[in-house]
Amino acid sequence: MRLPRSSSHPFSIGVVPSAVLLAVVALLPVTSRAATQQLVVSPSKVRFGSVIVGQSEAQEIVLTNTGTTSTSVSAISVGGTAFKISGLKLPVSLAAGQSVGAKVIFAPTGTGWTGWTGVKVTFTGKATNPNVQLWFAGSGVASEQVSASPANLSFGKKALGTSTALPIVLTNTHSHAETLSGIQTLGSEFSVSGPSFPLSLGAGKSITLNVKFSPTAVGLSGGNVFISGPALNLPLQGTGTSSTGAVLSISPASLNFGKVLVGQTDTQAAVFTATGGSVTISSAASSSAQFALPGATFPIQIAAGQSVQLNVAFTPQKAGGASASLTFQSNASDAQASEAVAGTGTAPQVSLGWSASTSPVEGYNVYRATAPGQYSKVNSALDPNTSYTDMTVASGTTYYYAATAVNSSGQESAFSAPVEIAVP
């Protein structure tokens, strides 16, 4: 298992101003490590970005015995109350070349930056270098400037020589525009594509980044995507597996359902193909209840060289963009295959139009009812046009609409002939 070192070169989308990159680099302390170290932690420096007070963020680390003899880790001491190590049962023995994974968790108790100086973890063990220091930092904030969905990505197990892409949607939840000044990735197995930076993200607006995992060696790989400006950090994780044996592939690599009415369902097909041997898909899971696999029954067996088709359904529960990852457990060498899915939920609406009055008028009123003749006005001001869009309708309801004309004296005409519309 391995994770990228913090000395990895950042990857940028578009043009990132040099001042931004220099400012980010300046946050990383300069340290040296003797070549004779036996116990190595990767990465040696972990940056968390901004985390809401009362919440937490976790990032993967890996301890590796790089020596020629076995060693052990017997104790961990943590500097700073906002950080802790999880997922490592002590004492642990490591044979030569062996690795073990753990998580660093940042849970800020107050707002403000917790810097590199004096915040460290010391791993103590029977090694040529008995004390190994891990440095990390993060910032506690009251609220996020920009939110990410999902907040982190786990690609599961992927065969060497393959690539898998998953989407991350960034949304500005504030009432004013936010500037995303640059983007960096840590981890050579991960890359990002999407809009060019810097950019201004308007209030309530969203953009989508596509993160790709391309394992080059067997074992755990971790990294992150860091968005400068809002100081948003998105942890990444994936595991490379041997490329020999049966492989399960999914086509297309991602599904986009486009716009679908809230409460309605749209279905698309995904094709699963086994190569190099037969594959049994034992189970599937979705990271969002809005995406499902209707009618799928597991286990599903696919003979070598054969394919099966499964339906993927998108049922938006609210208006706005949605994305998720469908994961499939199998006996293939890439034991956990995944499919990126996305779509946009839209609220139902009714568009109306009518013929202009033959007499001079100031405008028109639009009336609506759920039973003929029981009308209520829906427009707040006179409509000078001969069209109106009603965005306050509910699915599964039948409405009756009528229009009136109003002259300059405020006199209002009788109702027009009603129109009956059933909202699906």
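Begin by selecting β20 (232-241), which gives the most to the lining of the second largest pocket, with six residues. Strands here are DSSP runs (E, at least two residues), numbered from the N terminus. The model is predicted: local features need pLDDT of at least 70 and side-chain atom pairs pLDDT 80 or more, whereas totals for chains, interfaces and linings use all residues. Residues are numbered from 1 along each chain as its sequence is written, and side-chain values use heavy atoms, without hydrogens and water.

Next, display the pocket itself, with about 440 Å³ of space. A pocket is an open set of points on a 1 Å grid where a 1.4 Å probe fits, with protein on both sides within 12 Å along at least five of seven lines; lining residues have an atom within 4 Å of a point. Its volume is the space filled by probe spheres set on the points. Of the 30 lining residues, Glu57, Ala58, Ala151, Asn152 and Pro235 are the closest to the centre.

Then move to the largest nonpolar core, of 25 residues; Leu248, Phe272, Ile281, Phe291, Val312 and Phe328 have the most contacts inside it. Such a core joins buried Ala, Val, Leu, Ile, Met, Phe, Trp, Tyr and Cys residues through side-chain atoms within 4.5 Å, buried meaning under 20% relative accessible area (1.4 Å probe, protein chains only). With four residues, β28 gives the most to this core.

Finally, select the open sheet β22-β29-β28-β24-β26, whose pairing is mixed; two strands pair if DSSP finds at least two bridges between them. The edge strands are β22 and β26. Six bridges join β22 to β29 in parallel.

Notes
Buried means under 20% relative accessible area, exposed over 50%, partly exposed in between (1.4 Å probe, protein chains only).
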